[in-house]
Amino acid sequence: MNDTEVRKVLGEPDNANAYMTGKAFIPFYFGPDTARTDWMYKGKGRIVFSRNTYSGGLKVIRVMYNPNEP
C-alpha cells in the first residue's frame, strides 16, 4: 500500500515524523530502506512507511493499532 491509498482510507495524519534508518550509514549500500516516515492518527494508531531513495515514494511496512494514541 502506498501513501495515496492510506490517505483515501484514513485521511490526513494528525502528526508525522521522518527519520533515517541505520542502513543510511552503511558504506556502498544502495538499497531502498534508508529513510522512514511515521504517520500518527489520534485514537487509531500509526502507519510506518519506508521511503524509496530513488523514486521518493512511500510504502507501508508496519501498521500499529493503538486506540490510546495521543
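Which strands does helix 1 lie across? Helix 1, residues 3–10, lies across strand 2, strand 3 (45–51) and strand 4. Its direction is at about 5° to strand 2. Keep in mind while you look around that this is a predicted model.

## The overall picture

Let's start with the parts list. The protein has 1 helix and 4 strands, and from the N terminus on they come in the order α-β-β-β-β. Along the principal axes, the C-alpha atoms fill a box of roughly 40 × 20 × 15 Å.

Of the 70 residues, 31% are buried. If you take the contacts between residues at least 6 apart in sequence, 32% of them join residues at least 24 apart.

The 4 strands make an open sheet, lined up 1-2-3-4 with antiparallel pairing. Strand 1 and strand 4 (58–65) sit at the edges, and each of them pairs on one side only. Going from one strand to the next, the twist averages 20°.

Zoom in on strand 1 and strand 2 and you'll find an antiparallel pairing over 6 bridges. One place to look is N17, whose bridge partner in strand 2 is D38.

## The loop between strands 1 and 2

Strand 1 covers 15–20 and strand 2 covers 35–41, with G31 in the loop between them. T34 is found in that loop too.

Is G31 buried or exposed? G31 counts as buried because its relative accessibility is 15%, and the cut-off for buried is under 20%. Its C-alpha atom is 8.4 Å from that of N52, a residue 21 places away along the chain.

T34 has a relative accessible area of 13%, so this residue is buried as well. What does T34 touch, leaving aside residues up to four places away in sequence? The list is M20, T21, K23, A24, Y29 and T53.

## Surface and charge

The accessible surface of the protein comes to about 4800 Å², and carbon and sulfur atoms account for 57% of that.

As for charge, there are 10 positive side chains and 7 negative ones. The centres of these two sets lie 3 Å apart.

Definitions and conventions: Residues numbered from 1 in each chain as written. Predicted model: local features only at pLDDT ≥ 70, side-chain atom pairs only at ≥ 80, totals over all residues. Heavy atoms only, no water. Helix = DSSP H or I, 4+ residues; strand = E, 2+ residues; numbered from the N terminus. Buried < 20%, exposed > 50% of the residue type's maximum accessible area, 1.4 Å probe, protein only. Contact = heavy atoms within 4.5 Å. Pairing = 2+ DSSP bridges. Axes fitted to C-alpha atoms, helices over the stretch in contact; angles between N-to-C directions. Areas by Shrake-Rupley, 256 points an atom, 1.4 Å probe, with all protein chains shown as cover. Lys, Arg positive; Asp, Glu negative; His and termini not counted. Charge placed at Lys NZ, Arg CZ, Asp CG, Glu CD.
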